[in-house]
Amino acid sequence: MYNRRKFIRLSALGIPLLYSTKSIAGALNANTGNQVGSPIVISTWNFGIEANAAAWNVLKNGGRALDAVEQGVWVPESDPQNHSIGLNGYPDRDGKVTLDACIMDEQGNCGSVAALEFIAHPISVARRVMEKTPHVMLVGEGALQFALEQGFEKVNKLNPESEKAWKEWLKTAKYKPVINIENKSFAPKKLPGNQYNHDTIGMLALDSKGNLSGACTTSGMAFKMHGRVGDSPIIGAGLYIDNEVGGATSTGVGEEVIRNVGSFLVVELMRQGYSPEDACKEAVMRIIKRKPETAKEIQVGFLALNKKGEYGAYAIQKGFSYAVCDAADQKLLIKGKSFY
Ligand code: SD4
């Protein structure tokens, strides 16, 4: 677990946050700091550091980007202290943990599950949907039935900290599902377990064959309506990959990302020649332009990786962190340049 507050303080000083620098081999891209043409993995938020490390174990041995992103996001999916991803996530307002996830490969194949209960690794169920069915998306009961048929174990246990947070919420049961904003005084307080009420992992990887894949997985908004699905399992919204161009993923208020088909938009902008950061910025600007008043009070962040291994991010609010891992180094960056 990393302390995001500390990161924000450091980033306010303009200090990039670097962890465990590996030996630098070969030329680095002056803009991005990563090696041109070599494998790279990037992912949202501070837990992306550990997730990237797992993905890197696949990439560094010449493995496929698809395997890298699946194995990478397993890390937060199984972290008992992570209450925004996987079965340890905060439940919905009825006390049920419902998970959303999707995955996409270099051939444009994709799979997705939404409102899936009781399964520890929704990303792997999403992959099975992609590989074992003629469909893209399975939801709710049907997704669970498919997972069980595929041999996934049913786990029916609410994480104690998540249960505590839910019971606390039940005292007022005020239905205002909010996504935290890191830098605002009106940001919701951290919930028990020292957690904010969101933080999806979106991960993008480029492998040594030059192929891209991505994964996105979340327990969604804390205390949401039962059945509410965000952007994370929606191909084109929470994640999109086009192996000719690049990939993008998102985090934040899913409804706004869906309304603007955010990740698809970022990839299409990169196709038109935008840099990853400029493409993310333009997608953020669309959200702001459509609903300027709403945008002031929400967070949405996009992360993008192009075919050359260049990456970038942009968020409505300051404080969006993302992790980068390539042969040169492993680092956590705080997005200082945001709209607000
Ligand atoms: C959702 N986009 O369910 C997700 C939540 C999230 O950072 O990403 N939080 O809307």
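In helix α9, the residues P276, A279, C280, A283, V284, I287 and I288 are buried (under 20% relative accessible area, with exposed meaning over 50% and partly exposed in between, for a 1.4 Å probe and protein chains only). An α-helix has 3.6 residues a turn, so residues three or four places apart point the same way. The structure is a predicted model, in which local features need pLDDT of at least 70, side-chain atom pairs count only at pLDDT 80 or more, and totals for chains, interfaces and linings use all residues. Residues are numbered from 1 along each chain as its sequence is written, and side-chain values use heavy atoms, with hydrogens and water left out.

Helices (H or I, at least four residues) and strands (E, at least two) are DSSP runs numbered from the N terminus. The buried residues of α9 pack against α7 (254-259), α8, α10 (292-295), β10 and β11, where contact means heavy atoms within 4.5 Å. Helix α9 (residues 276-290) lies across β10 and β11 and runs at about 20° to β11; axes are lines fitted to C-alpha atoms, for helices over the stretch in contact, and angles run from 0 to 180 degrees between N-to-C directions. The end C-alpha atoms of α9 are 22 Å apart, which agrees with the 21 Å that its 15 residues should span at 1.5 Å a residue (1.5 Å times one less than the number of residues).

Strands β8-β9-β10-β11 form, in that order, an open sheet of 4 strands with antiparallel pairing (at least two DSSP bridges between two strands). Its edge strands, β8 (239-242) and β11 (311-315), each pair on one side only.
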